[in-house]
Amino acid sequence: MAKDFLHELRWRGLLHEATPGVEELLARGPVKGYIGFDPTADSLHVGNLVQIMLLTHFQRCGHIPIALVGGATGMVGDPSGKKSERQLQDEDSLRHNVACIRAQLARFIDLDGGGAMLVNNHDWFKDIGFLAFIRDVGKHITVNYMMAKDSVKNRLETGISFTEFSYQLVQGYDFVHLHRTLGVRLQMGGSDQWGNITTGTELIRRMDGGEAHAITSPLLTKADGTKFGKSEGGNIWLDARRTSPYRFYQFWLNTSDADAERAVRIFTTWEQAEVEARIAEHAKAPHLRTLQKALAEDITRRLHGEEEVREAVRASEFLFKPWTVDQLRAYPLKFWQTLEECIPGYTTVADPSEVKEGELQGVSLKQIEDSISVQKLLARTGFLASFSEARRAIREGSIAVNGVKVTDEQQLLGGQDLIGGKYLLLQRGKKSYFLVKVGEV
RNA sequence: GGGGAGAUACCCAAGCGGCCAACGGGGGCAGACUGUAAAUCUGCUGCUUCACAGCUUCGUAGGUUCGAAUCCUGCUCUCCCCA
């Protein structure tokens, strides 16, 4: 017995708006529904995760998810939520972005079975000429209708190009095309997409006399009102090269209590009873952070896989447990190699002559062995931006080397500080770690 | 086309000849308290191995001055009003 998708969305807090009649449509049997993703970068980020979860839950309720990557719409630019005209992308970078996003989506949604698939709207737009488009599609929608959309209205004062104005037609036609060729009856998206989606349903009605539906999810913000998905040091990406699995795990682990409760509803696939049980358990002993841990593990596992989660958890447990230098030295070398992948780092250059005095970048093994000030090391390895910043950080008492707080700006380090002759663990504050590694000599 | 206002650090915004590396707020970072949470309080937030020092920075290019973010001129851009 398939679960009721709308009911699922409601208790998870994922339902914002829906067109009348969706309930009946979904009750009649498996429905094909799609969500579009913007290929503005070669990786999605946690902000896109809500939409990914919509598709995930959709599929788990027995329906057929279709992911659309906007190879064509990405060339136009969606005015929704944007204050100014968007920078256009060239075709090559779009192609690359689309390929990368495809791989990421496949981590969460089965895109190969039972009609589920990934489509690229560039495939059908590339052969449509301008005249054909404005005659066949543009004819059915009035400018008045288009101007009434919030995305357009909000830009009328500051200005909007014809290109972005046309965006809703282009996206709307996607829906028409998918409806015709694949029988797609539903489009989902964030609440800011409502206007674009309903242009699509309207086009389907006028062009083909068909009936199509829309569901949107609420815009997600944190409990303190700030945007969800941005964290210390900017965007959290799904791509491991941009955001290491460790940092991804840490992002979720750092979720506040209030946000964690909402997050487990939205981002996990746990059943309602399990979600409620875990929230209750967490409420009894919030300091144990069981909810954050479970949440972080669950999402990281689905994105990066079992092995990466284990490493992230191990590194986290290690880094946030107090230890002495001796304990640090006792750690197996293999563990340090794991750490290298988790936190940012710097590898010493082989030839000391490559590093010129006065240059900001670069440290060699010889310089460390000859003794180097902490301040210099912080700046030259790129952990901190400048000597001044390094000095300030030390004065603030936020720097530690190998777990020992540095109090003296002039403090020197030497070869004896290298752990296993190879590593130096730098730390700023509690959460920011940096690993200096001795490279090949 | 005519008239007016403005461009200051990540953002907003003071300053209108030396005491200005530039008030204040936001944001960011750190410290204390905690639970790698929230709230609160405190510090830091241009660079230079630190310094009542030097250097770069107040749209841009010049100029006046012992001395300019502050005064003058050209240029670029933004906004407002009248046609």
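## Starting at glycine 115

Glycine 115 counts as partly exposed, because its relative accessibility is 29% (buried means under 20% relative accessible area, exposed over 50%, and partly exposed in between, with a 1.4 Å probe and protein chains only). You will find glycine 115 in the loop between helix H4 (91-105) and strand S4 (117-120). Helices (H or I, at least four residues) and strands (E, at least two) are DSSP runs, numbered from the N terminus.

Leaving aside residues up to four places away in sequence, glycine 115 touches Lys32, Ile64 and Ile66, where contact means heavy atoms within 4.5 Å. Arginine 391 is 276 residues from glycine 115 along the chain, and their C-alpha atoms are separated by 59 Å.

## About the model

This is a predicted model, in which local features need pLDDT of at least 70 and side-chain atom pairs count only at pLDDT 80 or more, while totals for chains, interfaces and linings use all residues. Residues are numbered from 1 along each chain as its sequence is written, chains are lettered from A and ligands numbered from 1 in the order in which they are written, and side-chain values use heavy atoms, with hydrogens and water left out.

## The whole chain

Chain A has 21 helices and 15 strands. Its C-alpha trace spans about 80 × 50 × 40 Å along the principal axes. Of the 441 residues in chain A, 51% are buried.

## Two crossing helices

How do helix H16 (residues 306-319) and helix H18 (residues 333-342) meet? Their axes come within 10 Å and cross at roughly 100 degrees. That makes H16 roughly perpendicular to H18 (under 35 degrees is roughly parallel, over 145 roughly antiparallel, 65 to 115 roughly perpendicular and the rest oblique). Axes here are lines fitted to C-alpha atoms, for helices over the stretch in contact, with angles from 0 to 180 degrees between N-to-C directions. Residues making the contact include Phe318 of H16 and Phe335 of H18.

## Rings and charges

The structure holds 15 aromatic pairs. Rings of Phe, Tyr and Trp (its six-membered ring) pair if their centres lie within 6.5 Å; planes under 30 degrees apart count as stacked, over 60 as edge-to-face and the rest as tilted. The rings of tryptophan 336 and tyrosine 423 are stacked, because their centres are 5.3 Å apart and their planes at 15 degrees. Both tryptophan 336 and tyrosine 423 are buried.

Arginine 242 has its charged end over the ring of tryptophan 237, 4.3 Å from the centre (NZ of Lys or CZ of Arg must be within 6 Å of the ring centre and within 35 degrees of the ring normal).
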